[in-house]
Amino acid sequence: MERKNKVAERFDWTLTLLLLMFFLVSCVAIYSGQSSDQYSGSNFMLQQIFWYGVGAAIIAFVMYFDSEQLNRLTWVIYGAGILLLLFLAVAPVSEFTPKINGAKSWFITPVGSLQPSEFMKVFLIMGLSRTICKHQEKYLNKTMRNDIILLVKIGLVTGLPVGLIMLQPDLGTSLVMLAIMTGMIFISGISWKIILSIYGSGAAIACTILYFVIWAPEILEKYLNVKPYQFDRIYAWIDPNNNAAGYHLSNSLKAIGSGLLIGKGFGERKVYIPESHTDFIFSVIGEEYGFLGGSIVIGLFFLLIYHLTKTALETVDSYNTYICVGIISMLTFHVFQNIGMTIQVLPITGIPLPFISYGGSSLMGNMFAMGLVYSIHYHHKNYMFSSGNNYTESNTKAMERSTSSS
């Protein structure tokens, strides 16, 4: 076994270049997004630069630990995240734990607001990775019973933070965690017979509920005690122009559509969208830089996902592989949901665009995730001769588990 000795050879320069590109896009887009009179006197761009600096420090700190150390610390980190969410749930509404837009999701600190759920997403990835690895070490024989046991373990590890976050309430972050869980289940080796039966049933239930929301809402109001205003988000998604709750989406469509091929140019934004520097940052990019600018941003995310996939395939540790898969699942859902909601493909949820939308907690959480990837690359070991077969056999078994069914 050998490991590259030079720091420059061990450092992930590709990921650094991608993050630098996201940094530049974020600063330019936020600067334009904050130009509305609504934000006069605020400079979110400078604050975003500060949070990127904090994120860089987080990466340097996390990169110091190798996979064995991170694996041992997983439950400590996961437990700390759960305690923060629990404290937030039981703490009374105050200046330290305010309720903003109907949700109690933040701690107010001297340097800004802190949203524990943004970090909990990464802690969940670590927890699920350790859970799957330990299960596969304990149950070497693949049976339906063992798969169900693993599924229950995954459900418990995911269900605890999701339940606490739904108390805030924060549907968007809860959906992200479910997406992470789904990605981890798909590559965990659980039989596809079990996966298809569970997710097929879930899809059928979701379609049935959507049908009742559109065509028979009175049934849901009567039997599930759903309030009429709770349907507004769906109605605004389906017909934003004729629904008061569809104001954001309607203006987002106008902004992106008016950008045409190459956009109106830097600072030439005309369509007003509230919170354009956060959840609707892609609308700003679409209006000012058109289809070309939007495609470049999406292309950057494709390159990031490709790089993470490459890292997952090259790592010698199954724990690291699952970490990469969890991060890929998280980022993919974030990007698909955020961009999808700005162009009416998906309903609006409060999910930011990773590395681009303004937000300290969101950016620091994503940087923590990138720190794990840097750690994987930095502490990567090259195996020679027979020991190289350990890596091959380990990854081959993981692939067999994910593709075989019983």
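In which helix do E118 and K121 both lie, and how many residues apart are they? Both belong to helix α5 (residues 116–138), three residues apart, about one turn of the helix. These legends describe a predicted model, where local features need pLDDT of at least 70, side-chain atom pairs count only at pLDDT 80 or more, and totals for chains, interfaces and linings use all residues. Residues are numbered from 1 along each chain as its sequence is written, and side-chain values use heavy atoms, with hydrogens and water left out.

View 1. Helices are DSSP runs (H or I, at least four residues; strands are E, at least two), numbered from the N terminus. E118 is buried at 6% relative accessible area, and K121 is buried at 1% (buried means under 20%, exposed over 50%, partly exposed in between, with a 1.4 Å probe and protein chains only).

**View 2. The K134 and E137 salt bridge.** Here the closest N and O atoms are 3.8 Å apart. K134 and E137 are also three residues apart in helix α5, about one helical turn. K134 is partly exposed, at 40%, while E137 is exposed, at 54%.

**View 3. The K142 and D147 salt bridge.** Have a look at the closest N and O atoms, 2.9 Å apart. K142 is partly exposed, with 30% relative accessible area, whereas D147 is buried, with 5%. The whole structure holds five salt bridges, according to the search.

Methods: A salt bridge is a side-chain nitrogen of Lys or Arg within 4 Å of a carboxyl oxygen of Asp or Glu.
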